Each structure stands twice: as C-alpha cells, then as structure tokens.
Amino acid sequence: MQKMQFKIVSLILVALFYCIQGNAQNMKNGKKIYETRCLACHQADGGGVPNMNAPLDAASNVVGTDIARLVRIIRYGYNERIALDGFYYSNAMTASPDLKDNELADLLTYIRNSWSNKASAITVAQVQAAKKKK
Amino acid sequence: MYKLSNLLLACVLVFSVNAQENAGLRLPAGFSATLFADQIGTARHIAINDKGILYAKLNNANKAGQSIVRMEDANGDGIAEKISGWGKYGGTGIYVRGSQLYASSDDAVYLYQLDANGEVINPTSPKTIIQNLHSRRQHASKSITLDPKGNIYVNIGAYSNACQEKDRSVGSKGMMPCPILDSAGGIWKFDGSKENQSYAEGKRYATGLRNVIGLDWNNTTNSLFVTQHGRDQLNTFYPTMYTDAQNAELPAETMYEMKEGDDAGWPYVYYDPFQKKKILSPEYGGDGKLEGEKNALDPLVAFPAHMAPMALLFYKGNQFPAKYKEGAFIAFHGSWNRAPLPQEGYFVAFVPFKNGKPSGEWEIFANGFAGPDNNKSPRGAKARPCGLAEGPDGSLYVSDDSKGAIFKISFNK
C-alpha cells in the first residue's frame with residue numbers, strides 16, 4: 001500500500017515537474033526558434049527595447065492564461081502601438097505564419113519559462129484549441 | 001598573498017569611488033561630471049537658457065504629471081536644487097532662445113513664453129506653431145532646431161523600417177516610389193513665429209532620411225546637420241544574404257549636412273561603411289553589392305551600425321580644450337539590433353571639425369552610461385544618452401531617457 005502511494009505521489013510530482021518546467025527537449029526546441037526568429041527584437045534577456053519592442057520577461061501577457069492571443073500574435077504579427085504593463089511599444093511585430101503547432105507549443109513553453117518567467121508549459125493540443133478560438 | 005588581496009581590494013575601492021565622483025562616467029583627462037538631476041522622468045531632448053536654467057522634454061509625463069521639467073542650480077554646485085515643471089503631453093523636441101521656449105509632442109510644436117527668471121508664463125496656453133504632423137507610432141518623435149533667421153526645422157521620421165509593402169515582414173518588397181516620402185522620411189521647414197502651420201504651410205526641406213533624432217544648426221557653415229538612424233534587420237529578412245555578424249555592422253549610422261532639396265537615399269539605399277558605398281536595399285533588388293541612388297548624399301561621418309544617434313550638438317564654448325571648439329558631440333542611445341552579437345553605444349561621441357568639415361576620426365568622449373557592470377542590453381542599461389545641451393559657461397549636459405538622469409560634464413584645466 002505504501003509502495004502504491006509512493007508511486008502515485010512520484011507520478012504526480014513528475015507530472016507537476018513537466019507542467020511547471022516544461023520538457024527539456026521542448027525547451028531546447030523553443031530556444032532554437034526563439035534565437036532565429038525572436039531574439040533580434042526581444043533580446044537575449046527577453047527584455048525587449050524600451051518604447052519599441054515589447055519585453056517578454058516578466059510580461060503579464062506572456063505568463064498569462066490567454067494562450068489564443070499569444071498564438072495569434074506569433075502567427076499573424078501586428079502593426080499597431082500596443083500597451084503592456086503600463087508602457088507603450090511602437091514597432092511592428094513580424095508574422096510567423098509557417099510555424100507548425102508543435103513549434104508554436106515549444107516556443108510558447110520556452111518564453112513562458114525563461115528569464116524570470118515561470119508559467120505552465122504549452123501543449124500541441126492547447127495550440128490547436130487556441131487556433132480554433134480565433 | 002594577504003597583502004595582494006588587500007591591494008586588489010583597495011584598487012577596486014578607489015576605482016568605484018572615482019566612478020562615483022564622476023557620476024559613474026568615464027571621461028578624458030581633465031574632465032569631471034556631476035549628477036545634475038536624477039529620476040526626473042523620461043528625459044528626451046534638453047535645452048538651456050543664457051542663465052544656465054535647463055529644460056527637459058519628457059517622453060511621458062512624470063509622476064508629478066509634468067512633461068517639461070525646469071532645473072536650476074542656483075548655488076553652482078553642479079546639482080539642480082530647484083526642480084519644477086509643466087505640460088502634460090509626451091514628446092522629444094525642446095529648444096530655447098531668449099524668452100521663447102519651443103517644445104514638441106509627436107504631432108505638434110508649441111511655443112511658450114518665459115519671464116526674466118526663466119519661469120514659464122503660459123504653461124497651459126502655449127501658441128501652437130505646427131500641428132497635425134504624421135505620428136504613426138514608429139519614428140514618431142519630432143526633433144526640432146532653429147536657424148538664426150527664426151525658421152524651425154522638424155524631423156518627420158518614416159513610419160517604416162525600409163518602406164516595404166508590409167513593414168518588417170519577410171519577403172515583402174519595397175514600394176516604388178516610396179509613398180511615405182511625401183509626408184515623412186525627411187526634414188520639414190516652417191516659420192518659427194507663425195501659428196497653426198501644417199504640411200500646407202511648411203516645406204519639405206530635405207528627404208531620404210529614415211529617422212533623424214539628432215539635428216543642429218551649424219553657425220560656421222550656416223547650414224543644417226543631421227544624424228540618421230539606419231535601417232534594421234537585414235539578417236532577419238534576408239538571412240541568405242546577410243549573416244548576424246554582417247547585420248551587426250550594417251548599415252552605418254550616418255551624419256549629413258543637409259541643404260535645401262538634398263536627398264540621403266532612404267529607403268532605396270543604405271550606407272555600407274566597409275565598401276564606402278551606397279548599397280541598393282534588398283527590398284529594392286539589392287544583393288549587398290549593387291549600388292544605387294548615385295545622386296543621393298554620401299555621409300560626412302559613418303558611425304558603427306545601430307548605435308542610435310539621439311542628439312547632435314556643435315560645441316561653441318571656450319571651457320573645453322581647443323580641439324573641441326566647433327566640433328560635434330553625438331549622444332548614442334545604444335543599440336538593440338546588433339543582437340545576438342553584443343550591443344554597442346550607450347556613450348557620447350565627439351567628431352573634431354575644422355572650417356565646418358570633419359577634421360579627424362570620431363572618438364568616444366563620455367562612456368559608462370550603461371553602468372559599472374557594462375550591461376548593454378537596452379532594458380538593463382543604467383542610463384541611455386538621449387539629449388545634449390551646452391551651458392552658458394561651456395559645460396556639456398547629457399540627458400538619459402530611461403531613468404531620467406541629467407549629467408553635467410565640465411573641464412577643470
């Protein structure tokens with residue numbers, strides 16, 4: 001009985017670990033995509049550029065629960081002045097319409113768990129659900 | 001061993017104390033700096049009157065709800081003890097001459113009247129000199145300067161990176177001709193004393209400038225000089241043509257003397273400081289080697305890429321050594337588009353001039369704004385140089401638009 005309990009607790013712990021930290025391989029894939037597509041503007045420290053490119057580190061939208069919005073921004077980009085956490089950012093965001101669902105999931109997992117960010121990992125199923133939301 | 005570590009500790013202590021003594025700046029021998037003011041808000045450009053009262057234009061209203069800040073150092077200790085302000089709108093440009101103070105928002109220029117003490121008389125009812133200029137987010141700030149006749153020159157930055165059909169998008173072509181240039185991407189000239197002017201009353205003075213934030217009238221040549229922010233992201237949009245390392249060095253940030261009707265070539269060309277040529281932009285069919293726009297200006301000075309020249313000032317005073325007389329100081333905000341390579345800039349540079357022409361290589365004048373740990377990420381930098389002003393005694397003031405510091409730099413002989 002005790003053994004069984006231990007197994008369940010370990011399983012929960014492992015599941016929690018994956019949920020919170022994101023799978024190491026997913027993080028690695030996400031990092032690669034970040035470095036080729038995002039880093040130029042959002043910077044190595046995720047801090048963005050004041051007044052121009054929004055930060056991802058410690059950004060309420062990035063660690064928030066509106067996954068559909070994040071997926072939309074990455075896929076379609078935008079060309080408007082945006083407000084984030086009390087500051088405005090003016091540069092256009094480049095669209096990445098060619099990213100596959102698993103790539104979007106890995107990228108989101110990466111930006112939500114890098115620098116000071118600690119948020120849930122994003123699964124392919126969540127990306128697919130987010131795409132349907134529009 | 002114990003002695004050695006003590007010695008090292010002593011060195012570190014002496015170094016940090018010295019750094020504090022010059023407000024954390026590294027300066028040429030004989031110069032010193034004070035922190036004239038701190039945390040006044042997002043201080044963009046600054047201007048100073050003939051009594052040494054300093055005014056800063058803030059990008060956003062500060063905690064006190066002010067967007068133009070007046071700073072006075074009555075006891076002459078290099079630190080402003082009287083700080084007040086007015087105005088609610090954000091902006092960049094500020095210019096003071098006698099009792100007149102001009103300040104810009106991102107779409108207009110206002111004129112305030114000052115009294116004999118440099119206090120504003122009409123804080124809530126300035127004259128509107130220019131209005132309804134394009135303010136389309138990108139490169140929206142309006143820098144201003146005046147010539148001796150009272151004409152005002154306003155930068156209207158291009159609301160685009162490279163005039164692509166879709167801005168900052170992979171594979172999007174450059175528009176031909178670039179439709180932005182009829183109302184932005186250049187310097188416009190207006191009458192500094194006439195009210196309610198806009199495009200119809202002004203004149204496109206010079207074109208082909210992506211974004212100019214630093215500009216100054218040169219009294220030796222009696223002409224306008226500007227510093228341009230070169231285009232971004234050659235590697236992002238043309239990864240097969242430009243490596244990350246090439247993008248970090250291309251194109252040059254440039255200084256031009258702009259006479260009426262001049263064209264600096266944006267968006268069709270950019271300046272390559274290694275080939276020393278105007279290269280056709282890839283959005284317009286360029287391959288990194290093809291030249292273009294033969295009739296466009298060549299720059300007078302080419303600085304490293306992406307460092308973002310925010311202010312230009314020709315030194316008129318006698319306090320600094322003779323080599324600085326009539327030379328140009330340039331405040332570099334610091335780069336972001338050199339990533340993934342290390343960022344550069346975050347300093348004030350100097351270019352010697354003789355008879356109105358650059359007479360030597362540019363050099364770093366004041367450094368260390370980014371902070372003692374040399375953190376050069378745009379967000380992490382302790383200060384980002386943005387505005388320059390020369391006091392009546394010949395001291396040089398530098399503003400920082402991230403945390404709102406004002407540095408005063410003097411020469412001690």
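In chain B, ring pairs link B:Phe31, B:Tyr315, B:Phe320, B:Tyr324, B:Phe329, B:Phe350, B:Phe365 and B:Phe411 into a cluster, where rings of Phe, Tyr and Trp (its six-membered ring) pair if their centres lie within 6.5 Å, and planes under 30 degrees apart count as stacked, over 60 as edge-to-face and the rest as tilted. This is a predicted model, in which local features need pLDDT of at least 70 and side-chain atom pairs count only at pLDDT 80 or more, while totals for chains, interfaces and linings use all residues. Residues are numbered from 1 along each chain as its sequence is written, chains are lettered from A and ligands numbered from 1 in the order in which they are written, and side-chain values use heavy atoms, with hydrogens and water left out.

**Aromatic pairs**

A search of the whole structure finds 34 aromatic pairs over all chains. One of them is the stacked pair of B:Tyr324 and B:Phe329, whose ring centres lie 5.9 Å apart with 10 degrees between the planes. B:Tyr324 counts as buried at 4% relative accessibility, and B:Phe329 is likewise buried, with a relative accessible area of 0%; here buried means under 20% relative accessible area, exposed over 50%, and partly exposed in between (1.4 Å probe, protein chains only).

An edge-to-face pair is formed by B:Phe369 and B:Phe407, at 5.1 Å centre to centre and 90 degrees between the planes. Because B:Phe369 lies in the loop between β25 (363-366) and β26 (385-390) of chain B and B:Phe407 in strand β28 (residues 406-411) of chain B, this pair ties together parts that are 38 residues apart in sequence; helices (H or I, at least four residues) and strands (E, at least two) are DSSP runs, numbered from the N terminus. B:Phe369 counts as buried at 2% relative accessibility, as does B:Phe407 at 5%.

**Salt bridges**

The structure holds 19 salt bridges over all chains, a salt bridge being a side-chain nitrogen of Lys or Arg within 4 Å of a carboxyl oxygen of Asp or Glu.

| Lys or Arg | Asp or Glu | N to O distance |
|---|---|---|
| B:Arg44 | B:Asp401 | 3.0 Å |
| B:Lys82 | B:Glu72 | 3.7 Å |
| B:Arg231 | B:Glu283 | 2.7 Å |
| B:Arg379 | A:Asp57 | 3.0 Å |

The salt bridge of B:Glu72 and B:Lys82 joins strand β4 (residues 68-72) of chain B to strand β5 (residues 82-86) of chain B, so it ties together parts that are 10 residues apart in sequence. B:Glu72 counts as buried at 19% relative accessibility, whereas B:Lys82 is partly exposed, with a relative accessible area of 43%.

B:Glu283 and B:Arg231, which also form a salt bridge, link distant parts of the chain, with B:Glu283 in the loop between β18 (277-280) and β19 (301-303) of chain B and B:Arg231 in the loop between β15 (223-228) and α2 (234-237) of chain B, 52 residues apart. B:Glu283 is buried, and so is B:Arg231. Salt bridges that share partners also join B:Arg70, B:Glu72, B:Lys82 and B:Glu119 into one network.

**Contact of chain A and chain B**

The contact takes 20 residues from chain A and 19 residues from chain B, contact meaning heavy atoms within 4.5 Å. The area buried between the two chains is about 1,700 Å², of which carbon and sulfur atoms give 49%; buried area is the accessible area (1.4 Å probe) that two parts lose on being put together, summed over both. In chain A, A:Ala40, A:Gln43 and A:Thr94 lose the most area to chain B, together 23% of what that side buries.

Between chain A and chain B the count is one salt bridge, formed by A:Asp57 with B:Arg379.

**The surroundings of B:Asn337**

B:Asn337, placed in the loop between β21 (328-332) and β22 (347-351) of chain B, is buried, with a relative accessible area of 1%. Not counting residues up to four places away in sequence, B:Asn337 touches A:Ala40, B:Asp232, B:Gln233, B:Asn247, B:His306 and B:Gln343.
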